[in-house]
Amino acid sequence: MEGSIDYEQAGLRVGLEVHQQLLTDQKMFCRCPAGLYTKSHDGVMLRHMRPTLSELGEYDGTALMEFKTKKNIVYLLHKSNVCTYEMDDTPPFIVNRRAIDIAIEHCLMLGCDVVDEVHIARKQYLDGSIPTGFQRTAIVGVNGRLPFRDRELTIIQVSVEEDSCREIQDRGHLAVWRTDRLGMPLIEAVTGPELKTPEEVEEAILLIGRVCRSTGHVRVGMGASRQDVNVSVRGGCRVEIKGVPQASKARQLVHSEAVRQVELLRLRDELHHRGFEQPSAIVMEHVDITTLVADFRLESLQRDNWERFVEAEQMRPGMELAEGPFSVRAIRLPGLAGTVGRACQPGRTFAHELAGRIRVIATLDQPPILVHSDDWPDYPGGTEELAEIRQAACCGPEDALVVVWGVESDTVTAAKEIQLRYADATEGIPHETRQALPDGCTDFERILPGPDRMYPDTDSPAQLVTRERVQNLLVELPDPPWRREPRYSAAGVSTETIHFLIRRGGARLVDRVVEETGFDLRRACLFFGEELKGLRRSDLAVDKITESRWCALFEQMRQLPVLWEARRQLVEGLVDEPKLSVEGLIAKDHLGEEPSGWQTQVNEALSAATTRGLEENKLFDTVMGQAMSVLRGRVPAVRVVHVIHELRARKNDNG
Amino acid sequence: MAETTDPLKGYRGRARQRLQELGVRVWSEVRILNDQGSTFEGVILPRSETADDLHVVVKLATGYNVGLHIDRIREVEELGFKEAVYKIPEQEFPHGPDLPKVTLLGTGGTIASRLDYRTGAVIPAFTPGELYGAVPELADLCNLTTRKIFGVFSENMGWEEYATLAQAIGDEIEAGVDGIVIGHGTDTMGHTAAVLSFMVQNSPVPIVVVGSQRSSDRPSSDAALNLIHAVRSAAYGDIAEVQICMFGPTSDQYGLLHRGTRCRKMHSSYRSTFRTVGDIPLCRVSASDFGSLTHEYLPRNPHRKVKIDPVYDDRVTILYYYPGMKPDVVDALVDQGYKGIVIAGTGLGHVNKPVFPALERAIAKGVHVVMTVQTLWGYAQMYVYDTGRDLLDIGVVPLDNMLPETALMKLGWVLGHTHDHDEVQKMMRHSYSHEITEREPHNGYLILQGGLPETEEFVLSQWK
């Protein structure tokens with residue numbers, strides 16, 4: 001990986017927040033169906049979020065930042081999957097009991113202590129991802145631990161919460177969200193900051209994923225599990241990488257973030273060295289240079305270039321665009337020459353840090369968002385144009401210069417934001433949430449909110465969790481992966497199949513079938529972990545078969561092993577005739593009953609095939625095929641083979 | 001908040017005893033160890049009075065609350081103690097020399113508030129200084145004065161409060177304000193707006209009643225925008241009547257000004273819950289402009305002399321007719337001393353025959369019986385069917401298209417003036433503030449039926 005780094009020396013510490021959607025029919029606080037996604041909408045709603053004041057009479061950092069962006073927030077609604085609850089026009093209904101039960105089950109799997117009363121809290125989010133402006137969330141368990149490598153991984157807490165909207169677009173001052181996913185129950189498991197390498201992070205994500213999936217009560221598929229990865233290095237502070245979709249992506253992201261933090265600490269030292277020891281030491285001046293640059297060659301600064309962008313992106317005044325004239329703004333940063341272009345994440349510079357904040361907070365989003373003096377674009381006359389701007393902004397040789405463009409008020413916000421980002425840099429690493437980019441780097445998403453945004457949900461009564469309730473769930477609890485894996489492995493099942501069964505939820509069914517019927521574990525794993533995939537792929541609706549019918553089938557197959565050979569036929573019967581019992585299916589086709597005189601029929605088939613003069617190798621296949629089409633599930637194949645061989649030997653002897 | 005003096009607020013029975021044994025109280029910062037060896041560090045919160053006596057609520061450092069069973073608590077260590085502050089530091093409301101004067105009268109509930117994150121408590125903001133902190137936009141609109149008249153939930157408003165409020169409005173007008181805003185809970189906002197329309201007549205300035213459907217401690221609250229709209233309407237609007245100002249659509253788009261006598265809360269929780277019934281609203285108001293919808297209103301005129309008439313008789317009630325109603329219901333009301341009965345009748349204003357004798361007895365005893373329609377839209381037209389004609393003969397007074405709640409408020413106010421049957425009838429049928437309108441325009445009844453292709457197309461083209 002680019003930018004090599006000694007993680008131990010850097011003091012890398014990573015913790016996880018693993019989110020996993022729970023498998024319930026209905027959403028968490030209303031009766032809308034869960035898991036029904038739509039691509040279209042039949043209603044739109046416009047809202048704004050207003051920060052609420054904290055006890056000190058100040059807005060909390062995240063809230064203030066999000067208010068500064070003055071976002072128009074549009075929600076796309078579809079009647080099939082949202083009601084007036086998701087619109088924040090109806091108070092919550094009593095919390096989905098099944099969701100709490102599944103959350104408790106997960107707490108137990110993760111070795112947690114389950115709390116006695118679940119109190120619903122509101123966690124504020126002003127980015128619009130939830131129309132209320134807060135997420136309803138509650139702690140269900142604390143103080144858990146998992147076996148991990150040669151030690152234990154701490155689970156600090158497990159909470160159950162409602163999922164947020166899906167982002168459709170975020171352009172300028174407009175964010176558009178689809179509401180279908182909103183309100184679906186999910187759990188968040190928070191680990192201690194105990195992971196020390198990117199490899200450990202990936203392994204821990206996979207482990208927790210398998211633990212959750214062992215229950216069979218979680219959703220699978222795109223977006224059903226996501227994790228936030230909290231990264232810090234020695235001397236730094238926690239940065240949250242949000243929405244990491246796959247464990248394999250986490251490695252590169254953690255690496256890049258570790259590099260970024262080490263570089264930001266170096267930048268801090270450099271700033272201190274230059275005499276910028278306090279945030280207040282950073283000053284900034286900005287000046288409008290729209291007229292000056294009107295006929296410059298640098299295309300980024302041209303009004304028509306910006307107007308083409310606005311038109312191509314279909315940005316509307318009052319929606320995506322703020323009201324006001326186009327402006328190009330030069331920002332002078334005294335004494336900061338050379339710092340804008342410093343290395344940061346692998347392949348990126350500090351200018352990306354500035355651009356990220358400007359994009360999100362000032363909502364200027366025409367690439368490249370800014371140009372700066374440390375790395376001025378290379379074009380004929382570029383040096384001269386830069387010199388003219390520097391002069392207009394009164395830049396001395398030790399000053400850095402950043403230029404931004406867009407609607408005037410936004411460019412002023414951008415200038416202030418650049419100053420704030422540098423002020424943060426004097427202290428090291430800002431507390432922030434960063435979004436994962438496909439190339440393994442991250443970009444600014446928002447200031448990391450603190451506990452200052454939590455307050456009780458006065459709409460929802462606390463939910464009592466009696467020890468009886470916990471005990472009942474404990475009895476039903478499946479094996480965790482670290483007990484199930486060796487058990488399956490000892491029975492001769494491949495690791496690949498074991499992981500598939502656990503991830504896809506089949507393991508729980510395997511265990512039930514084996515426990516109830518005494519069927520062979522290896523064969524059950526083979527069937528549910530491998531063969532069933534093929535049947536499903538051939539469009540057989542095997543997922544409609546209930547667990548009790550599977551058990552009934554395996555019970556019959558244990559009693560009459562010959563039925564195993566007719567399992568495909570039996571599964572098709574289970575799907576096609578959901579009313580008929582397994583015994584009925586077997587009796588209908590006379591399975592398990594050996595037909596009298598079948599050997600004679602095999603003999604006749606053999607004689608016919610011989611007469612046709614078939615080649616030696618085809619002869620056997622043909623006769624065997626004919627015989628088994630009648631005898632499968634009634635006479636074991638090995639006996640049929642044996643009889644054919646015997647008959648042929650006899651014929652050859654006679655022949 | 002006098003009740004906060006109890007150091008174990010909300011805890012009773014066993015939980016109270018256990019906390020006393022452990023030597024900690026509400027607002028103690030504690031570290032609790034339970035029987036599973038789990039530790040919980042945070043603040044002990046007050047407990048809801050209706051909750052059981054077996055759990056202690058702790059707000060953890062992460063901001064989450066959890067309930068811990070008292071039998072599972074092994075050790076508690078008090079780390080500190082810091083009482084919740086239910087007061088917001090005030091900032092001075094900036095004075096603009098050229099801005100209109102607006103007075104905000106408080107009746108209860110919260111128009112604006114802020115959170116104490118340490119405890120999760122919601123602290124109401126009411127004084128101009130507090131409001132400035134929560135809704136700074138107000139300072140650009142007016143010079144704001146606030147007066148807390150009383151602090152009750154809207155369902156606890158009653159006749160005495162109405163009279164006090166009317167008097168306070170009179171005082172403010174006398175003092176020369178340019179507009180009045182009344183903060184009110186939404187449940188009975190329609191009733192208050194209706195009764196004030198009778199108790200305060202000929203106002204020279206706008207009187208705007210406002211509230212919110214989502215409380216102001218929520219980021220998505222409609223409170224701030226409603227307040228901004230209401231203050232703008234009071235400061236700059238031209239309509240010198242009692243009006244309700246609440247969201248038009250559920251989107252953050254614009255507010256509607258509804259006439260006090262013709263407005264009703266139509267949804268238990270939606271933001272756009274208030275609708276003008278049987279007519280169109282007066283005006284659209286946004287953060288930047290007014291879109292007048294009618295010219296039929298009393299315009300602002302600082303020279304007009306207000307008439308405050310805060311009289312009432314609270315022996316009035318409303319009878320929502322249902323099939324099979326028995327006459328004893330009416331008899332019971334009369335026996336209990338009620339002097340006025342508003343019937344919300346079926347269809348054009350009907351009740352069943354068996355109730356007739358009871359109504360006759362009531363009227364004979366001097367009880368005033370008036371008829372409105374439970375369909376809300378449309379007129380009581382009792383001469384159309386025999387039933388209606390018979391009721392008219394008995395002496396039941398038809399109130400045309402007056403809303404039932406408005407009729408109730410008006411009847412209480414009228415009976416504060418007179419009990420003379422003819423005089424009551426005359427006053428009830430006279431329209432003081434458009435409570436009866438002669439004409440119903442066809443766009444006064446528009447309930448779009450969802451599901452129809454044309455409706456769906458229209459709805460999709462608009463903000464919800």
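Two strands count as a pair here if DSSP finds at least two bridges between them. With that in hand, welcome to a tour of close-up views of this predicted model.

**View 1. Strand 20 and strand 21 of chain B run side by side.** Strand 20 (residues 316-320) of chain B is joined to strand 21 of chain B by five bridges, and the two run parallel. To find your place, look for B:Thr317, whose bridge partner in strand 21 of chain B is B:Ile341. Now turn to strand 21 (residues 340-345) of chain B: is it enclosed by the rest of the structure, or left open? Six of its six residues are buried, so strand 21 is largely enclosed. B:Gly340, B:Val342 and B:Ala344 point one way, B:Ile341, B:Ile343 and B:Gly345 point the other way, and all are buried.

**View 2. An open sheet of eight strands in chain B.** The strand order is 9-6-10-12-13-14-17-18, and the pairing is mixed. Strand 9 (143-148) and strand 18 (290-292) of chain B stand at the edges; each has a single partner strand, so one side of each is left without a neighbour in the sheet. From one strand to the next, the twist averages 25°.

**View 3. Two helices lie across strands of chain B.** Helix 3 (residues 159-175) of chain B lies across strand 6 (101-106), strand 9, strand 10 (179-183) and strand 12 (207-210) of chain B. Its direction is at about 165° to strand 6 of chain B. Helix 4 of chain B lies across strand 12 and strand 13 (242-247) of chain B, and runs at about 155° to strand 13 of chain B.

**View 4. Where domain 2 meets domain 3 in chain B.** Chain B is divided into domain 1 (2-81), domain 2 (101-308) and domain 3 (316-429). The centres of domain 2 and domain 3 of chain B, taken over C-alpha atoms, are 31 Å apart. Domain 2 of chain B gives twelve residues to the contact and domain 3 of chain B gives ten. Which element makes up the largest share of the domain 2 side? Helix 4 (residues 189-199) of chain B does, with six residues. By class, the side of domain 2 of chain B that touches domain 3 of chain B has six nonpolar, four polar and two charged residues.

**View 5. The contact between chain A and chain B.** Here 43 residues from chain A meet 45 residues from chain B. On the chain B side, the elements giving two or more residues are strand 3 (55-60), strand 4 (65-69), strand 7 (112-116), helix 2 (128-134) and helix 11 (453-460) of chain B. Strand 4 of chain B supplies the largest share of that side, with five residues. Sorted by class, the side of chain B that touches chain A has 18 nonpolar, 16 polar and eleven charged residues. Strand 4 of chain B is also joined by two bridges to strand 5 (residues 117-118) of chain A, and these strands run antiparallel. One pair to look for is A:Glu117 with its bridge partner B:Gly67.

View 6. The order is 14-15-17-16, and the pairing is antiparallel. Strand 14 (285-288) and strand 16 (371-372) of chain A are at the edges, each with a single partner strand, so one side of each lacks a neighbour in the sheet. Strand 15 (residues 326-333) and strand 17 (residues 400-407) of chain A run antiparallel and are joined by eight bridges. Within this pair, A:Leu333 stands opposite A:Ala400. Helix 8 (residues 382-392) of chain A lies across strand 14, strand 15 and strand 17 of chain A, running at about 90° to strand 17. Helix 9 (residues 408-425) of chain A also lies across strand 14, strand 15 and strand 17 of chain A, at about 145° to strand 17.

**View 7. Helix 13 packs with helix 14 in chain A.** Helix 13 (residues 506-517) and helix 14 (residues 521-537) of chain A pack at an angle of about 145°, and their axes are 10 Å apart. The crossing is right-handed. Helix 13 of chain A takes part through A:Gly506, A:Leu509, A:Val510, A:Val513 and A:Val514, while helix 14 of chain A brings A:Leu521, A:Ala524, A:Cys525, A:Phe528 and A:Gly529. By class, this contact has eight nonpolar, two polar and no charged residues.

Terms used:
Residues are numbered from 1 along each chain as its sequence is written. Chains are lettered from A and ligands numbered from 1 in the order in which they are written. This is a predicted model: local features need pLDDT of at least 70, side-chain atom pairs count only at pLDDT 80 or more; totals for chains, interfaces and linings use all residues. Two residues are in contact if their C-beta atoms, placed from the backbone, lie within 7 Å. Helices (H or I, at least four residues) and strands (E, at least two) are DSSP runs, numbered from the N terminus. Ala, Val, Leu, Ile, Met, Phe, Trp, Tyr, Cys and Pro count as nonpolar, Asp, Glu, Lys and Arg as charged, and the others, Gly among them, as polar. Domain bounds come from an automatic or database domain assignment. Axes are lines fitted to C-alpha atoms, for helices over the stretch in contact, and angles run from 0 to 180 degrees between N-to-C directions. A crossing is left-handed if the near helix is turned anticlockwise from the far one by less than a right angle, and right-handed if clockwise. A residue is buried if 20 or more other C-beta atoms lie within 10 Å of its own, exposed if 12 or fewer, and partly exposed in between; C-beta atoms are placed from the backbone.
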